[in-house]
Amino acid sequence: MSDNSSNWHRALESLPSTPEKIPAFFFAHGAPMLAFPAGESSNGGMIGYHGPSGPLAKFLKEFGPTLLKKYSPKGIVVFSAHWETHDERLVTDYPENPLLMDYYGFPPELYQLKFKSKGDSKLAQHVVDLYKKAGQKARTTTVLEKRGEDGRGFSGPGLDHGVFVPFRIMFGEEFMDIPIVQVSIDSSLDPEKNWELGKAVAQLREEGILILSGGLTAHNLRDRTSFSPDTARAVHKEFDEAIHKAIAVESDAERKQQLFGLVRHPGFRASHPREDHFVPLYVAAGAGEGGRVLTVVDLYGLASFAFGI
């Protein structure tokens, strides 16, 4: 299985070094399989493709250091497919970010993962203020309350695995120099509403804040063939091609129209029975509206994009 690493090497090198206006990124945040013990994830197939020796893990190890080197961010605001709230944005305000082990049935080692990081009350409140300025409801949430209604039955505060699993690969298990604040996506899963979530905080990019929005371009737990290019059916690959075709459109208005149209593509439901892992792409696109788009990695199901270059 080729990991297409030469392509992402070039893409990462070609990212503009513009700390005065940092691009917004949609990135493949992977799954707990990224943190599998290496001996248990070397059996190929879906786990191998998404596991600690697979192409996504290799990419993330380069992606994180590249972002720090090129942009020297003062903070990170992150959105994840695994935290959605209805009608109100919640923004984490944690002195030190706890971890929410929001998954079932994995090896014991995956419940002992470490990722030490800090929040920032000033940044969290600034994000809330930006949403209120845009006419949206928002508030901070602390370690003393549950994160909210993500619909998956997990309670408690903390960064979810769509954040800490990739971030510990990207930035190391201890990352205390730069604060991290997480924001919920809109549980309507409507493309335009989630686009507006990104657009509302776009000015952070000019304030030295890195905006990352994590999901997956293929995520169908009812059909595990959708997770790997070795097993994906034609309908999965046709949808994957449609994503890249829409991203490549040069006109901002036309690109937006085609991105919104992806949820009506015949292959969309085969890759996404529910939109939760796909709509983070719209958050990143909204934050980077008005600029060019670069495909950072074009792996099947694991595509990552830089918006607003």
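Gly 30 lies in the loop that joins strand 1 (24-28) to helix 2 (45-50); helices (H or I, at least four residues) and strands (E, at least two) are DSSP runs, numbered from the N terminus. The model is predicted: local features need pLDDT of at least 70, side-chain atom pairs count only at pLDDT 80 or more, and totals for chains, interfaces and linings use all residues. Residues are numbered from 1 along each chain as its sequence is written, and side-chain values use heavy atoms, with hydrogens and water left out.

With a relative accessible area of 2%, Gly 30 is buried (under 20% relative accessible area, with exposed over 50% and partly exposed in between; 1.4 Å probe, protein chains only). Beyond its neighbours within four places in sequence, Gly 30 is in contact (heavy atoms within 4.5 Å) with Leu 56, Gly 215 and Leu 216. Its C-alpha atom is 7.4 Å from that of Leu 56, 26 residues apart along the chain.

## Helix 5

Helix 5 (residues 161-171) is largely enclosed by the rest of the structure, because 11 of its 11 residues are buried. These buried residues pack against strand 1, helix 3 (55-71), strand 2 (75-85), strand 6 (174-175), strand 7 (180-186) and strand 8 (209-215).

Just after the helix, Gly 172 takes a positive phi of about 95 degrees.

## Pro 280

Pro 280 belongs to helix 10 (residues 280-287) and is buried, at 0% relative accessibility. Leaving aside neighbours within four places in sequence, its contacts are Phe 26, Ser 80, Ala 81, Ser 213, Gly 214 and Gly 215.
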